[in-house]
Amino acid sequence: MTHSPHDPIERDGTTYTFVVDDISEAVARAARAAGDGWVSRLGGSISRQCLRLGLVDELHLDVAPVLLGEGISLFAGLGQRIELERLETSAYASETHLRYQVLR
């Protein structure tokens, strides 16, 4: 996602395509490109928009023992309740990984 048009960029065999202002189109393009693979939505703003629009099937949350103190909060301002079902949890000394299915 971007706010200004940009030509695709290819680096190390991967093509990065930029979509202006239409998050649904960006997710649809990413899903087509991924085929049977995963489409990751990174960042608080993009994640919240995708959750609001029903474009998220699963949440994968990785928790590290560091509090940054600033940045864009992942769920602040979501504005709606979203029910989740835990699919997987794994914990290690340095991180915890949580995987949830979004219930509709």
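Which residue in strand 5 stands opposite L61? Select L61 and look across: its counterpart in strand 5 is L98. Before going further, note that this is a predicted model, in which local features need pLDDT of at least 70, side-chain atom pairs count only at pLDDT 80 or more, and totals for chains, interfaces and linings use all residues. Residues are numbered from 1 along each chain as its sequence is written, and side-chain values use heavy atoms, with hydrogens and water left out.

**Stop 1: the sheet**

Show the cartoon and colour the strands (DSSP runs of E, at least two residues, numbered from the N terminus; helices are runs of H or I, at least four residues). Three strands make an open sheet in the order 3-5-4, with antiparallel pairing; two strands count as paired if DSSP finds at least two bridges between them. Strand 3 (58–63) and strand 4 (84–91) are at the edges with a single partner strand each, so one side of each has no neighbour in the sheet.

Now select residues 96–102, which are strand 5. Strand 5 pairs with strand 3 over six bridges and with strand 4 over seven bridges. Follow the chain from strand 4 to strand 5 and you trace a hairpin with four residues between the two.

**Stop 2: salt bridges across the strands**

Side chains of opposite charge can pair when their charged atoms come close. Here the rule is a side-chain nitrogen of Lys or Arg within 4 Å of a carboxyl oxygen of Asp or Glu, and the count comes to six salt bridges.

How exposed is E58? E58 counts as partly exposed because its relative accessibility is 24%, on a scale where buried means under 20% relative accessible area, exposed over 50%, and partly exposed in between (1.4 Å probe, protein chains only). R99, at 25%, is partly exposed, and E88, at 40%, is partly exposed too.

Next, select R104 and D57: their closest N and O atoms are 3.5 Å apart in another salt bridge. R104 is in the segment after strand 5 and D57 in the loop between helix 2 and strand 3, 47 residues apart. Both residues are exposed.

**Stop 3: the largest pocket**

Switch to a surface view and select R41, S47, H60, L61 and L74. Of the 29 residues lining the largest pocket, these are the closest to its centre. A pocket is found on a 1 Å grid over the protein atoms alone, as an open set of points where a 1.4 Å probe fits, with protein on both sides within 12 Å along at least five of seven lines; lining residues have an atom within 4 Å of a point. The volume of this pocket, the space filled by probe spheres set on the points, is about 930 Å³. Strand 3 gives the most to the lining, with six residues.
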